[in-house]
Amino acid sequence: MKKLMEMQADGVEHEKSDFLQPLDSEIQTWMSKAFDMALEALENGEVPVGCLMVYNNEIIGKGRNEVNETKNATRHAEMVALDQVLDWCRFRDKDPKEVCEHTVLYVTVEPCIMCAAALRLLHIPLVVYGCKNERFGGCGSVLDVSSDHLPHTGTSFKCVAGYRAEEAVEMLKTFYKQENPNAPKPKVRKDLISPPDGAVVIQVKRGPQDEERETIASLS
Ligand SMILES: [Zn+2]
């Protein structure tokens, strides 16, 4: 029984992907725009990730990281673009599921676990991405949210990986090399405590600003 269900799911996925399989020239065009978005993120002190969502050859959502600007760790490029897609559907009185089932997402970095789950739940069939996201990737790098058999969790999706990957990595490296202007100044208290055996222990106390800095450091 389980095997039959998997076969059916697999058949549906292939049918959709074949229908939506973009040409190399289309990938080039849309990814170029996604990279423009990533560059805009970099220029605005954000982790450089850019993304586009394309339906019937039309951009219906686009986004870049807005995590630092909004102080909201969930404002990844894909989430920003998804919100625009939902607005696009609302204004045109279209069913988001029907639209998303025929929408391709282009993004410069592999979607993280959170974004991959959102894409599954919205039935996006195909994701084209640049470099891998070794720390948070949800399309095979950390978890395989994109293709795992997850009952009642949307539809699995196909990925085309590695387009302009080196360039995407270089942008991330550039971001992490420069000082983040949005990060609050580190304020670490060091208290010296003398334990009974005479050794000196340095205790580092965490302040609330440390949590924020970790949020800012999260990728894509
Ligand atoms: Zn994400």
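What follows is a short chat about the fold, its strands, its helix pairs and a few loop residues.

Guide: A word on the ground rules: this is a predicted model, where local features need pLDDT of at least 70, side-chain atom pairs count only at pLDDT 80 or more, and totals for chains, interfaces and linings use all residues. Residues are numbered from 1 along each chain as its sequence is written.

Visitor: How many helices and strands does the protein chain have?

Guide: Elements here are DSSP runs numbered from the N terminus, with helices being H or I of at least four residues and strands being E of at least two. On that basis the protein chain comes to eight helices and seven strands.

Visitor: What share of the residues of the protein chain count as buried?

Guide: A residue is buried if 20 or more other C-beta atoms, placed from the backbone, lie within 10 Å of its own, exposed if 12 or fewer, and partly exposed in between. The protein chain has 220 residues, and the buried share is 34%.

Visitor: How many of the residues of β4 are buried?

Guide: Strands pair here if DSSP finds at least two bridges between them. β4 runs parallel to β3 (residues 103–109) through five bridges, and parallel to β5 through four. As for cover, β4 is mostly covered, and its buried residues number six of six.

Visitor: In β4, which residue is the bridge partner of Tyr106?

Guide: β3, α6 and β4 make a right-handed β-α-β unit, meaning that with the strands pointing away from the viewer, the path from the first strand over the helix to the second runs clockwise. β3 and β4 are joined by bridges, and the β4 partner of Tyr106 is Val128.

Visitor: Are α4 and α6 roughly parallel or roughly antiparallel to each other?

Guide: Axes are lines fitted to C-alpha atoms, for helices over the stretch in contact, and angles run from 0 to 180 degrees between N-to-C directions. Under 35 degrees counts as roughly parallel, over 145 as roughly antiparallel, 65 to 115 as roughly perpendicular and the rest as oblique. The axes of α4 (residues 77–92) and α6 come within 9 Å and cross at roughly 25°. So α4 and α6 are roughly parallel.

Visitor: And which residues of α7 make the contact with α2?

Guide: The axes of α2 (residues 24–43) and α7 (residues 165–177) come within 11 Å and cross at roughly 10°. Contact requires C-beta atoms, placed from the backbone, within 7 Å. From α2 come Phe35, Ala38 and Leu42, and from α7 come Glu167, Met171, Thr174 and Phe175.

Visitor: How far apart in space are Leu121 and Thr155?

Guide: Leu121 sits in helix α6. Leaving aside neighbours within four places in sequence, Leu121 is in contact with Thr153 and Gly154. Leu121 and Thr155 are 34 residues apart in sequence, yet their C-alpha to C-alpha distance is 6.6 Å.

Visitor: His152 has a positive phi; is His152 buried or exposed?

Guide: The phi of His152 is about 55°, although this residue is not a glycine. His152 lies in the loop between β4 and β5 (158–161). With 4 other C-beta atoms within 10 Å, His152 is exposed.

Visitor: What about His123, what is its phi?

Guide: His123 lies in the loop between α6 (113–121) and β4 (126–131). His123 is partly exposed, with 19 other C-beta atoms within 10 Å. His123 is not a glycine either, and its phi is positive, about 65°.

Notes: Contact = placed C-beta atoms within 7 Å.
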